[in-house]
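Please keep the model open while going through the points.

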Amino acid sequence: GKEYLSDSYYIDWDNELVRKHAAAAVQGLPKTATDWEKARAVEEWVHANMKQVEFSQAMASCKTVARELSGDCTEHAMLATGMCR
């Protein structure tokens, strides 16, 4: 449903930087790429471009992670989710 694709407090994906990262992630895929292939490309991009940092603090938002490109598994998930949306 639409509620799973809209902006939220942590998954604040509707901004220029998150969209830029998402476009970079799928750049080399063919126009016929499936949603699954795009999601895999996003996961690979996040893994390759984020610096793994252990945080003891609460979660950072997608917008913050897109800017800093660092975090633990939670921040990786925030960014990947936002990029997929």
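1. **Packing of α2.** The buried residues of α2 pack against α1 and α4. Buried means under 20% relative accessible area, exposed over 50%, and partly exposed in between, with a 1.4 Å probe and protein chains only. Packing here rests on contact, that is, heavy atoms within 4.5 Å. Helices (H or I, at least four residues) and strands (E, at least two) are DSSP runs, numbered from the N terminus.

2. **Basis of the note.** This is a predicted model, in which local features need pLDDT of at least 70 and side-chain atom pairs count only at pLDDT 80 or more, while totals for chains, interfaces and linings use all residues. Residues are numbered from 1 along each chain as its sequence is written, and side-chain values use heavy atoms, with hydrogens and water left out.

3. Helix α2 has 15 residues. From first C-alpha to last it reaches 21 Å, close to the 21 Å expected at 1.5 Å a residue. That expected span is 1.5 Å times one less than the number of residues. Its buried residues are A41, V42, W45 and V46. They lie on the same side of α2 because they cover an arc of only 135° around the axis. The arc is taken from the directions from the helix axis to the C-beta atoms. On the other side, W36, H47 and A48 are exposed.

4. **The nonpolar core.** A nonpolar core is a set of buried Ala, Val, Leu, Ile, Met, Phe, Trp, Tyr and Cys residues joined through side-chain atoms within 4.5 Å. The largest one here has 16 residues. V18, W45, V46, L79 and M83 touch the most other members. Two or more residues each come from α1 (16-26), α2 (35-49), α3 (62-68) and α4 (73-84). In soluble globular proteins, nonpolar side chains tend to be buried together. Take V46: not counting residues up to four places away in sequence, V46 touches H76, L79, A80 and M83.

5. **Helix α4.** This helix has twelve residues and reaches 16 Å from its first C-alpha to its last, close to the 16 Å expected at 1.5 Å a residue. Buried in α4 are E75, H76, M78, L79, G82 and M83. Their arc around the axis is only 160°, so they sit on the same side of α4. The buried residues of α4 pack against α1, α2, β1 (51-52), α3 and β2 (70-71). At the start of α4, a side-chain oxygen of D72 comes to within 3.0 Å of the backbone nitrogen of T74.

6. **A66 in α3.** Is A66 buried or exposed? A66 counts as buried because its relative accessibility is 2%. The residue lies in helix α3. Leaving aside neighbours within four places in sequence, A66 is in contact with L17, V18, H21 and L79. A66 and M78 are twelve residues apart along the chain, and their C-alpha atoms are separated by 9.2 Å.

7. **Cysteines.** How many disulfides are there? The count comes to zero, where a disulfide is a pair of cysteine sulfur atoms within 2.5 Å. For C73, the nearest cysteine sulfur is that of C62, 15 Å away. C73 is exposed, at 61% relative accessibility. For C84, the nearest is again that of C62, 10 Å away. C84 is partly exposed, at 46%.

8. **A backbone point.** L69 lies in the loop between α3 and β2. L69 is not a glycine, yet has a positive phi of about 50°. Most residues other than glycine have a negative phi.

Notes. Polar contact = N/O pair within 3.5 Å; in protein donor to acceptor, adjacent residues only side chain to side chain.
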